[in-house]
Amino acid sequence: MSTFERNAVVVLIAIAALAACASQPPAPGRPPAFGVAVGADEVARWDISIPPSGAGLPKGGGSARQGLKVYEEKCQSCHGAKGVGKPADALVGGIGSLASKTPQRTVGSYWPYATTLFDYVRRSMPITNPLSLSDNEVYAVSAYVLFLNGIIGENAQMNAQTLPQVKMPNRDGFVEMSGVK
Amino acid sequence: MERKNRIARELDPRVPAGNPGKSRKIDRRTFLARGAAVTGVAASAGLAPGASAQGLAGQPWERVYGAAFIGYGQPSRFEQPVMRHIGKPYGDLAPGTGATLAPIESLEGIITPSGLHNDRSHSGTPDIDPKQHQLLLHGLVARPLTFSMESLGRYPLTTRTYFLECAGNSNRALAPQPAQVPAGAMHGNIACSEWTGIPLRTLLEEAGLQPQAKWLLAEGADSAHMSRSIPVEKALDDAMIALYQNGERLRPEQGYPVRLLLPGWEGNMSVKWLRRLKATEGPMHTKDETSKYSDLLPDGRALQFTFEMGVKSVITKPSSTMNLPRAGFYEISGIAWSGAGRIRRVEVSADGGATWAAAALTGEERPKSLVRFRLPWEWTGKEALLQSRATDEKGQVQPVRKAWLAQYSPAMIYHNNSIVTWAVGADGSVKNVYV
């Protein structure tokens, strides 16, 4: 075979290969949708966020009197006796201090919603073992912190109905800047 | 590396030995392997042992075989002092709670190395198995969905360069007395990476976002389950479900295996270790958007949901704690950024803001990215007050410190974007000052 013939054969083989394998550019296909449907029961196991309306608060309840024991066992080593703080954040005090030169921002003086207390304690606390408290314990220790701040009485039951009704001292202290209508 | 170290020690006994213990054992093994390789080369080349050309230039490391290949490269041992500045407000009680700040005083260009990226975490860095981790998208959607990490990797990806700044960056510069620490220890809660991921809009459309959904609750899989509420408008705009950082999978401190990325907004909202997104009508008022990351005013009220990071810049070279050894030429270099978009202009002053010169910019075409600015400067040897002032494409100008302070309560620690001043002394020392 001459060089010309050899080259011609090579070209023919290449054309045949192209025709067989790459006759079209890559097709874009359908837009992907790889999400897997999930049922309400499964969603409920994950959905731990509680808005100010209290939607999603679990059954159960507790009072400050019951919360004292939980606090002393699970919280006091970081937040101090009666929520005074050190080494972790203070939970009580500072009500009325926000406009001063030394504002103290605590649950009592600053947090606008009591539901946030339940939400945060359940999701994050105690710092060494979050998601470990029972719902009754979370209600009770939330009640204890509210009681320490003079916001509710020692025997007031905190539950899905009562917690969202607690009016925090700084409820009206925030200016909404999100621009969401 | 150990071999180089050994040679350096031989030349100069002040050079310290490497890390003791395990690493030394590994080094000895490596050395033996290298010794064998060198012998082999010499034998095959037919050289007599010890033969070398006399008088030719060449440092010790040019006369020995170099280090073996390694699977994941590390910086030179001479760069070991370049580390993040670690802030642990609760000490060893919660050693992963707080922040690390990027050593911006040692970095150049625009991209922050992944291992030096600033890092704000509330309950440490979780050790997440990507095969077990799921992202749940639910709430006001037609179809609640879960996504495996494997399936997220199959979506069409986009790549963008964005800065991430903690809302609390530069809070140390609000201390009553100016701290004499490196620039990064005050202003380094900022970094910039090339991020690759899926537009969040893609997943929201797949789930069928309902029209009454105005907010998205984003939640992490760290043990704090850190959560923030995000307007849907942002989620549909430029929000990204990020999987890669600077070309490799996210670092654990940056949210491995998946994080939210909200370009230009306070870093806290770019929820790391993302496990859940819930579409809602209103914001959740989580702990981190009420008791934290809200802006206290002098009258005791607080601004809530101030998401965008303001226009800002800082000179990184020269900067606090550095020393100018002699009068003469210096290049002033720094970083600028704006949560509103592109940087239009950075000006530099050497007289405390009386006169300004425009700096050259690199990366200014990229919105919500760090921009590098540079200005040549002849230091005469006299006292100087160095400042930089950034302007963004919306015309917003970085405020002077006093004007910024006047807006807020003395307890305010977020969104400090005020102008930074470095004082150069006649002795060449560079100090942090308030003017």
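**Ground rules.** Residues count from 1 along each chain as written, chains are lettered from A and ligands numbered from 1 in written order. Local features need pLDDT of at least 70 and side-chain atom pairs 80 or more, while totals for chains, interfaces and linings use all residues.

**Confidence.** I checked pLDDT (the predictor's per-residue confidence, 0 to 100). Chain B averages 91, with 88% of the residues at 70 or above. Residues 1–47 of chain B stay under 50. Where pLDDT is low, the predicted coordinates should not be read in detail. For the model I noted ipTM 0.88 and pTM 0.88.

I looked up contacts (C-beta atoms, placed from the backbone, within 7 Å). Chain A puts in 40 residues and chain B 49. On the chain A side, helix 5 gives the most, five residues; helices (H or I, at least four residues) and strands (E, at least two) are DSSP runs numbered from the N terminus. That side has 28 nonpolar, six polar and six charged residues, with Gly counted as polar, Asp, Glu, Lys and Arg as charged, and Ala, Val, Leu, Ile, Met, Phe, Trp, Tyr, Cys and Pro as nonpolar.

I also found strand 4 of chain A pairing (at least two DSSP bridges) with strand 15 (302–304) of chain B, parallel, over three bridges. Val175(A) sits opposite Leu303(B) there.

**Inside chain B.** An automatic or database assignment sets the domain bounds: domain 1 is 114–303 and domain 2 is 312–433. I have 25 residues of domain 1 touching 24 of domain 2.

Methods
Two residues are in contact if their C-beta atoms, placed from the backbone, lie within 7 Å.
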